[in-house]
Amino acid sequence: MSFDVKSFMQMIEAKNPGEKEFHQAVTEVVHSLAPFLDKNPKYVKHKVLERIVEPERVIMFRVPWVDDKGEIQVNRGFRIQMNSAIGPYKGGLRFDPSVYLGLLKFLAFEQVFKNSLTTLPMGGAKGGSDFDPAGKSDNEVMAFCQSFMSELFRHIGPNIDVPAGDINVGGREIGYMYGMYKKLTNEFTGVLTGKGLNWGGSLIRPEATGYGCVYLCVEMMKTKGQSFQGKTVAISGSGNVAQYACQKATQLGAKVVTLSDRGGTIYDPNGITAEKLAYVIELKGVKRGKLTDYAKEYKCEHSTDKNPWAYKCDVALPCAKQNELDGKDAENLVKNGCTCVGEGANMPCTPEAVEKFLAAKTLFAPGKAANAGGVAVSGLEMSQNSIRTSWTRDEVDKKLEGIMRAIHEKCVEYGKKGDFINYVDGANIGGFVKVADAMIDQGVV
Ligand code: NDP
């Protein structure tokens with residue numbers, strides 16, 4: 001009897017009402033896995049899928065803090081410890097008003113497969129808060145981070161759960177949280193990744209997700225005898241992932257023509273050079289400003305109604321947020337000659353968009369493969385902390401490239417169908433097998 005996707009998804013929807021992003025992520029994985037499960041009934045017998053969709057633990061807590069006016073504010077904090085079959089829980093923290101349980105469950109679920117693909121021993125988790133850092137002073141962000149950590153610290157540890165950054169959680173926030181963790185536990189230990197270089201951080205960690213995404217695209221393009229040299233690239237977002245995807249694509253000879261933020265999209269047909277990117281990094285990371293300033297500085301188009309996918313490109317790298325590229329955008333990209341898409345963000349393409357890319361035989365890398373470079377270097381940061389050393393920039397970069405190549409090979413192993421590589425199936429099945437086998441080995445726990 002074949003695996004019944006429909007009744008499995010009905011069960012998921014009934015048990016997790018209103019969690020639409022979680023349903024979307026599980027649907028994609030289950031569709032990839034169904035034919036594989038039919039050929040490998042041991043996973044069905046051991047009810048691995050039923051177990052893997054259920055978080056091992058969900059922690060939800062109050063985060064009270066006092067703003068600059070002396071008023072008490074209350075946010076909600078979360079940590080979803082999804083799966084620890086192959087290593088300690090590992091995954092980022094997101095601070096954004098859109099954060100709720102279902103969003104973090106989708107991200108934690110994706111993280112399990114992604115971490116497995118990196119070849120490193122890391123389980124999957126995700127966390128965060130509905131706190132909105134926009135417009136908050138440094139002091140307010142610190143007060144919030146300290147309060148958040150004053151609860152989270154009891155649930156994490158270097159061999160238990162190692163959080164990292166994600167949307168709106170960068171070096172500043174990791175610093176404030178690490179300081180509080182250290183004060184509460186009286187321990188200097190590798191409990192968060194994305195730390196500053198002077199206090200246990202790894203070289204290349206800030207660059208890792210964006211670089212890794214480009215490295216995976218390099219491998220995909222090689223299968224078609226292509227490279228980044230001379231290509232036009234459209235990127236969305238202008239945060240951590242977008243910045244370093246832009247840097248690496250440019251270093252490899254491509255011309256990046258778009259970036260975006262919550263205020264709109266810039267289109268710079270002359271290309272976002274190293275000098276212009278330095279301006280963006282300062283604008284976003286230090287001044288916390290908007291891309292409208294870039295448009296004024298470099299006299300280029302800024303649009304509030306066009307997204308980056310409206311412009312002609314060879315390669316598209318969505319690096320902002322989930323569901324930011326829909327079926328119509330995908331159609332437009334394919335029509336305009338785009339042949340390679342790497343999801344720098346988590347689930348930025350809607351299911352309709354993914355369908356369109358696969359139908360057009362576009363080289364399409366899903367987030368769990370394409371953005372795994374970030375967590376991979378986080379894993380390398382954990383290793384360096386454990387053995388109390390720091391590797392050089394070149395050493396970490398080489399290891400990152402090697403990991404992205406290994407992820408590509410895994411996708412090919414499980415996703416090759418004739419002359420087409422379905423990277424969605426490859427990543428889902430490749431990520432699943434290692435975790436599923438470990439779960440079976442460890443019994444019903
Ligand atoms: P950042 O906070 O550094 O940047 C996010 C970018 O997305 C910003 O430019 C932001 O605009 C833009 N953005 C956020 N929400 C919206 C929105 N509603 N509409 C339009 N633009 C929006 O986050 P990261 O770069 O770290 O993360 C980006 C994506 O990559 C996320 O999906 C994350 O989960 C994923 N990812 C990140 C990893 C990492 O190592 N950081 C690892 C793996 C995946 P604005 O500047 O206006 O706020």
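Between which domains does the ligand lie? Domain 2 (57-188) and domain 3 (208-370) both give residues to the shell around the ligand, so the ligand lies between them. The domain bounds come from an automatic or database domain assignment. The structure is a predicted model, in which local features need pLDDT of at least 70, side-chain atom pairs count only at pLDDT 80 or more, and totals for chains, interfaces and linings use all residues. Residues are numbered from 1 along each chain as its sequence is written, and side-chain values use heavy atoms, with hydrogens and water left out.

The shell around the ligand holds 23 residues. Asp166, Asn168, Thr209, Lys290 and Asn346 come nearest. By class, the shell has five nonpolar, 10 polar and eight charged residues. Here Ala, Val, Leu, Ile, Met, Phe, Trp, Tyr, Cys and Pro count as nonpolar; Asp, Glu, Lys and Arg count as charged; the others, Gly among them, count as polar.

A backbone N or O atom of valine 241 lies 3.0 Å from a ligand oxygen. For lysine 284, a side-chain N or O atom is 2.9 Å from an oxygen atom of the ligand. Asparagine 346 places a polar side-chain atom 2.8 Å from a ligand oxygen. Taken alone, the ligand exposes 900 Å², and the protein buries 84% of that. These areas come from the Shrake-Rupley method with a 1.4 Å probe; for residues, only the protein chains shown count as cover. Helix H8 (205-222), helix H9 (240-251) and strand E7 (255-261) are the elements that give two or more residues to the shell. Helices (H or I, at least four residues) and strands (E, at least two) are DSSP runs, numbered from the N terminus.

The cysteines were examined next. A disulfide is a pair of cysteine sulfur atoms within 2.5 Å. The count by this rule is zero. For cysteine 213, the closest cysteine sulfur is in cysteine 217, at 4.7 Å, which is too far for a bond. Cysteine 213 is buried, at a relative accessible area of 0%. Buried means under 20% relative accessible area, exposed over 50%, and partly exposed in between (1.4 Å probe, protein chains only). Cysteine 145 also counts as buried, at 0%.

Two non-glycine residues with positive phi were noted. Isoleucine 204 has a phi of about 75 degrees. This residue sits in the loop between helix H7 (171-185) and H8. Isoleucine 204 is buried, at 2% relative accessibility. Asparagine 323 has a phi of about 50 degrees. Its loop joins strand E10 (315-318) and helix H12 (327-335). Asparagine 323 is partly exposed, at 31%.

Two further sites were described. Glutamate 381 lies in helix H15 (residues 372-386). Glutamate 381 is buried, at 0% relative accessibility. Its side chain reaches the backbone nitrogen of glycine 194 at 2.9 Å. Glutamine 226 is located in the loop between H8 and strand E6 (232-236). Glutamine 226 is partly exposed, with a relative accessible area of 28%. Glutamine 226 and leucine 103 are 123 residues apart in sequence and 36 Å apart in space, C-alpha to C-alpha.

Notes: A residue is near a molecule or strand if one of its heavy atoms lies within 4 Å of it. A polar contact is a pair of N or O atoms within 3.5 Å; within protein, one must be able to donate a hydrogen and the other to accept it, and residues adjacent in sequence count only if both atoms are side-chain atoms.
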